[in-house]
Amino acid sequence: MNRAGAASTESRQSLIEAGKPIFVQIAEQIENDIIDGVIEEETPVPSTNEFAAFHRINPATAGKGVNRLVEDGILYKRRGIGMFVATGARQRLVGARTEQFRANFVGPLLSEAAKLGITPEQVATMISESERKSSTS
Amino acid sequence: MTDSIVRVAGLTKKFGAFTAIDDVSFTVERNKIYGLLGRNGAGKTTLMQLLTGQQFATSGTLEVFGASPVENARVLQSLCFIKESQKYPDSFRPDHVLASAPWFFAHWDAAFAARLVDDFRLPLNRPIKKLSRGQLSAVGVIVELASRAPLTFFDEPYLGLDAVARQIFYDRLLEDYAEHPRTIILSTHLIDEVSNLLEHVLVIDEGRILIDQDAEQLRGSASTVVGKKTDVDAFVAGRDIISRTGIGGLASVTVAGLSAAERAAARATGLELSPVSLQQLIVQRTTSDTAESETVTTTDAWSARS
């Protein structure tokens, strides 16, 4: 009976996925915006209440996501003004994400390749070939 | 930091032979948004009536703002509870309700109420008896929001509200809560719609508190493992199994708390893992009696029944 309403809420709420802590998702979204350069270093990030209103989530939950980045030194608080992106935050995030990339993608890629008898050199060749294809197309 | 405004211990309420609330204990902390969730007839409304002094407890203790709410003007002034089936005097119109609200609510904001009337397009001078179900719900929502009561209960607030009105309700609730923090208890069986608004979740089933947990801890606290029955059974052996369904040689089992390493191990053996939403988790917990049967307990099964 409430299905009619689901569609209209979808656009905004689809940014938040079910089954994963929301504060983690908020922290990741801010991180992505910093990595993509949407939010530059030494500029303010939206307030907790702005995040809460935009995503229609509990303000305390949004605050938890922001605080996590403060603990990591990615954001810092300017008294009475709000949260700002720390200098060097982007570089540190890219470094951390590169490590995650290695663990989450390169590791499984090589173990699957080994299972099929593909050598790391052959994998490297495959990667540069598909890179060429995608850049010409 | 923890500042409990409601303390309940061993609370029981019987109606004749029927036990509506069965030995319940919990606390409610100041300025959080709680979800009081459960199936129809689980005891949600009875519990709220006990907390607001509209029912007498059969046994157990109950403190709201440090005292029993029964016949206690100081406590009752700080509460706002409009039942889903709220009755108004026969001749009443919405403007009468709004005019009398300041007599009951010390923090009443008339300007905010007027803005909400515009938002919900509520006809002020039509008899309440002639209002649609959605408009009747809007009257309750407007009073509850504009009351700014330190402890506000919403009982199935959006019954009959259209999609636009429900979005207005969520937006105004969050905006006003941010500016005027207060304790909110949102009672509903439609969990998906409100789950992101909640900071803490109380799930009641057959008069007992089944879950009393931080919403964020609850989210992501379970995963569904899908795959060949033999593989799934081997993987979930010895784990906390929340629910299990299956068809033929396939099994789908929801288990609590998997570490990153355990997830990787599951994927390595060819099992599929999927997250479990708050609603799915609660549905599975409250249908646990039938968990072993082959009936499919999906999110929609509950909505359809209600």
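**Entry 1: a sheet in chain B**

I began with an open sheet of four strands in chain B, which has the order β11-β12-β10-β13 with antiparallel pairing. The model is a predicted one, in which local features need pLDDT of at least 70 and side-chain atom pairs count only at pLDDT 80 or more, while totals for chains, interfaces and linings use all residues. Residues are numbered from 1 along each chain as its sequence is written, and chains are lettered from A and ligands numbered from 1 in the order in which they are written.

For my own use I noted that helices (H or I, at least four residues) and strands (E, at least two) are DSSP runs, numbered from the N terminus, and that two strands pair if DSSP finds at least two bridges between them. The edge strands are β11 (241–247) and β13 (272–275) of chain B, each of which pairs on one side only. From one strand to the next the twist averages 20°, with axes being lines fitted to C-alpha atoms, for helices over the stretch in contact, and angles running from 0 to 180 degrees between N-to-C directions.

**Entry 2: inside the sheet and across it**

I then looked up β10 (residues 222–228) and β12 (residues 250–256) of chain B, which run antiparallel and are joined by seven bridges. Which residue of β12(B) is the bridge partner of A222(B)? I found that A222(B) has A256(B) as its partner.

Helix α9 (residues 229–236) of chain B lies across β10, β11 and β12 of chain B and runs at about 145° to β10(B).

**Entry 3: a covered helix**

Next I turned to helix α1 (residues 44–51) of chain B, where six of the eight residues are buried. A residue is buried if 20 or more other C-beta atoms lie within 10 Å of its own, exposed if 12 or fewer, and partly exposed in between, with C-beta atoms placed from the backbone. The buried residues of α1(B) include K44(B), T45(B) and L47(B). Just after α1(B), I noted that G53(B) takes a positive phi of about 70°.

**Entry 4: chain B as a whole**

Chain B has 12 helices and 13 strands, and 40% of its 306 residues count as buried. Its C-alpha atoms fill a box of roughly 65 × 40 × 40 Å, taken along the principal axes.

**Entry 5: where the chains touch**

Finally, I looked up the two chains together: 22 residues of chain A are in contact with 21 residues of chain B, contact meaning that the C-beta atoms, placed from the backbone, lie within 7 Å. On the side of chain A that touches chain B, α1 (3–13), α2 (22–35), α3 (48–55) and α4 (59–71) of chain A each supply at least two residues.
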